[in-house]
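Hi,

Here is the structure I promised to pass on to you.

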Amino acid sequence: MQPRETTDTVIIGAGVIGLAIARALAPTRSVVLLEQEPRFGEHLSSRNSEVIHAGLYYPPDSLKARLCLRGNTLLYQYCQAQSIPHRQCGKLIIANAGQQDSLEQLHHNALNSGATGLHRCSQQWLQQQEPWLHAGEALLSKHSGILDSHALMRRLAEQAQEHHALLCYHHQVRRIDCEPGHFLLHVDSDDSPFELQCRQLINTAGLDAVPLLKRCNGFPAEKIPEQRLARGNYFSLSGHSPTRRLIYPLPEADGLGIHLTVDLAGQARFGPDVEWIEHRDYQVNTARLPHFQDAIRRYWPSLNADRLSPAYTGIRPKLFMEGEPYRDFLIQGEQEHGIKGMINLLGVESPGLTAALAIAEDIANPG
Ligand SMILES: Cc1cc2nc3c(=O)[nH]c(=O)nc-3n(C[C@H](O)[C@H](O)[C@H](O)COP(=O)(O)OP(=O)(O)OC[C@H]3O[C@@H](n4cnc5c(N)ncnc54)[C@H](O)[C@@H]3O)c2cc1C
């Protein structure tokens, strides 16, 4: 065992959230970021739709709504300033017969949350703009877009390092002790295990953020939510995309519905769906293909199913409290769990990529 090292702040996890926080904190304190994988962004942050969301779906007083809207503004500014590839391509949420009320409710919710850049589109407009699309009406969100999430993470990592943050790959936090006035982390690395002491501890371990709390001595067990896993499968579309916009049906109980997104190269893909799983497994479930075909044909009746092929998956950390789904981000500080200096970011599913810079801003400027 090596002697103890000491630092001001340790961040666990080099996904987009941990990297954004490292960049925000590094100018004012010594920061060590521990990542178990050989590089950043190997999990949630590279297994998503790369959509810059515009805050339409979340309850107006939720963290998701506030952080998504603020994150959207910060992210476009950052992408422009740092030359990170992105495109404000806009998004259509479509409604067909019998769905007008749901579209109306979504529109109201978005306005109540403070979302802007929203327009209602008639069937005639849709026929001109998106002739392939079967839709009676739509809500256009002009502030929705796409970005290169890898380029974003690379730049965040560079800027954190420019301010002397230490990014340590192949470093897995095995266990944490909450001790008076500080934390003691037991870390496995390629060389040998060692102990690291810090005054501030930020747990942004993505899917592992909840399991890690169960290995944290002194953390109140009743403050650890239950976490379940919801895989999202994606199928890609070969050949030309019918559109350059993002096309979404109305949201479903657990997700946003099987939607079409395009990447910066113009390639289209469909998904993610919502598939509850017991164990982490990133394999695409090809048995979901008929379900994808049915869902897509509701808005693209002439889809040629031979053009669909399995692409990739991402896994959402879904929180439950007292058996009920907890639908917001859960950001726990001292007020919530009673331990000074510890911040846990739990259940950071979508729109976490969009919200990353806003989450980091809040943590760097508390109160
Ligand atoms: C299917 C899907 C689609 C999505 N689409 C979008 C979208 O279009 N737009 C959007 O805004 N958001 C989207 N999201 C959400 C977004 O991807 C996440 O909110 C965001 O990436 C979370 O980042 P993170 O840093 O918390 O997690 P991660 O990127 O998973 O980072 C956590 C890191 O912690 C590391 N780690 C874990 N345990 C330890 C340990 N013990 N020691 C050291 N390191 C550890 C992991 O290796 C990992 O690198 C989507 C999510 C999913 C699943």
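Below are my notes on the ligand site and on one of the pockets. Please keep in mind that this is a predicted model.

Let me begin with the ligand. Its surroundings comprise 39 residues, and the closest are Glu35, Ser45, Val51, Val348 and Thr354. By class, this shell holds 16 nonpolar, 16 polar and seven charged residues.

Several backbone atoms come up against oxygen atoms of the ligand. For Glu349, a backbone N or O atom is 3.0 Å from a ligand oxygen. For Gly352, the distance from a backbone N or O atom to an oxygen of the ligand is 3.4 Å. Leu353 also takes part, with a polar backbone atom 3.3 Å from a ligand oxygen. On its own the ligand has 1,000 Å² of accessible area, and the protein covers 98% of that. Two or more residues of the shell come from each of helix H1 (16-25), strand E10 (172-179), strand E19 (308-321) and helix H9 (352-364).

Now to the second largest pocket, which holds about 470 Å³ of space. Its lining consists of 18 residues, and those nearest the pocket centre are Gly333, Ile343, Asp362, Ile363 and Pro366. Helix H2 (63-81), helix H8 (334-337), strand E22 (342-346) and H9 each give two or more residues to this lining.

Best wishes

Methods:
Residues numbered from 1 in each chain as written. Predicted model: local features only at pLDDT ≥ 70, side-chain atom pairs only at ≥ 80, totals over all residues. Heavy atoms only, no water. Near = heavy atom within 4 Å. Polar contact = N/O pair within 3.5 Å; in protein donor to acceptor, adjacent residues only side chain to side chain. Areas by Shrake-Rupley, 256 points an atom, 1.4 Å probe, with all protein chains shown as cover. Helix = DSSP H or I, 4+ residues; strand = E, 2+ residues; numbered from the N terminus. Nonpolar A, V, L, I, M, F, W, Y, C, P; charged D, E, K, R; others polar. 1 Å grid on protein atoms, 1.4 Å probe; cavity = no way out; pocket = protein on both sides within 12 Å on 5 of 7 lines; lining within 4 Å. Points joined across faces, edges and corners; volume = space filled by probe spheres on them.
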